[in-house]
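Dear colleague,

Please find the sequence and the structure below. My notes on the fold follow directly after them.

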Amino acid sequence: MYRLVYVSTAKDGLSTEDIGRILDVSQSNNHERYLTGFLAHNGRHFMQALEGAYDEVREIFDRILVDDRHEGVVQILGETITERAFPDWAMNYFRVDDRRSSAMVIRHDDPVDGLLPKDMPRELLHLFARFMRIEPLPA
Ligand SMILES: Cc1cc2nc3c(=O)[nH]c(=O)nc-3n(C[C@H](O)[C@H](O)[C@H](O)COP(=O)(O)O)c2cc1C
């Protein structure tokens, strides 16, 4: 199996509804392919982890690369894995507090424990925690 992480910049004016549509398609596509992962959005940037069979991950990533709802996609991690970090999530989504309230929004001072799987690789936890500007728990 393979895990890929990238960051990108959301297109100006991307709405909550637009993100909802991205998530609907992602969850159904990913479920069919047994792809799992995590999508974080901090108001301007995305960070996404996608994991599953190598060919499936690359195929979906090729689509994501040319998706005009974001730009400047930069892959920051690509690694062979034996275990999934997000086994239960076809695509879970968190948006960091942008002062609007919504059930899916997390606050900067929320504890990271409840948001990310406890046993996920530390390197990955640090990546997402930093992106979400949450201080990771000490090792
Ligand atoms: C930030 C972001 C994350 C995305 N994540 C996924 C994903 O995990 N799985 C997926 O199938 N599509 C994802 N998409 C949507 C794909 O780019 C694409 O629109 C979708 O797979 C449908 O492709 P198709 O129109 O070729 O059928 C994402 C798009 C964006 C902008």
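Helices (H or I, at least four residues) and strands (E, at least two) are DSSP runs, numbered from the N terminus. This is a predicted model, in which local features need pLDDT of at least 70 and side-chain atom pairs count only at pLDDT 80 or more, while totals for chains, interfaces and linings use all residues. Residues are numbered from 1 along each chain as its sequence is written.

I begin with helix α1. Just after α1, Tyr34 takes a positive phi of about 50°. The helix covers residues 16-33, and its 18 residues should span 26 Å at 1.5 Å a residue, which agrees with the 25 Å between its end C-alpha atoms; the expected span is 1.5 Å times one less than the number of residues. A residue is called buried if 20 or more other C-beta atoms lie within 10 Å of its own, exposed if 12 or fewer, and partly exposed in between, with C-beta atoms placed from the backbone. Ile22, Ser26 and Asn30 are the buried residues in α1. They lie on the same side of α1, because they cover an arc of only 50° around the axis, the arc being that of the directions from the helix axis to the C-beta atoms. The face turned away from this buried side carries exposed residues, including Glu17, Arg21 and Asp24. The cover over the buried residues of α1 includes β2, where cover is judged by contact, that is, C-beta atoms placed from the backbone and lying within 7 Å.

Next, the strands. Two strands pair if DSSP finds at least two bridges between them. β3 runs antiparallel to β1, with 8 bridges joining them, and Val7 stands opposite Met47 in β3. β2 and β3 are also antiparallel, joined by 6 bridges; Thr36 has Glu51 in β3 as its bridge partner. A hairpin is formed by β2 and β3 with 3 residues between them, and Gly43 in the turn has a positive phi of about 100°. Of the 8 residues of β3, 6 are buried, so this strand is largely enclosed by the rest of the structure.

Finally, the core. A nonpolar core is a set of buried Ala, Val, Leu, Ile, Met, Phe, Trp, Tyr and Cys residues joined through C-beta atoms within 7 Å. The largest one has 17 residues, and those touching the most other members include Leu4, Phe38, Leu50 and Phe128. At least two residues of this core come from each of β1 (2-10), β2 (36-41), β3 (45-52) and α3 (122-131).

Kind regards

Notes: Two residues are in contact if their C-beta atoms, placed from the backbone, lie within 7 Å.
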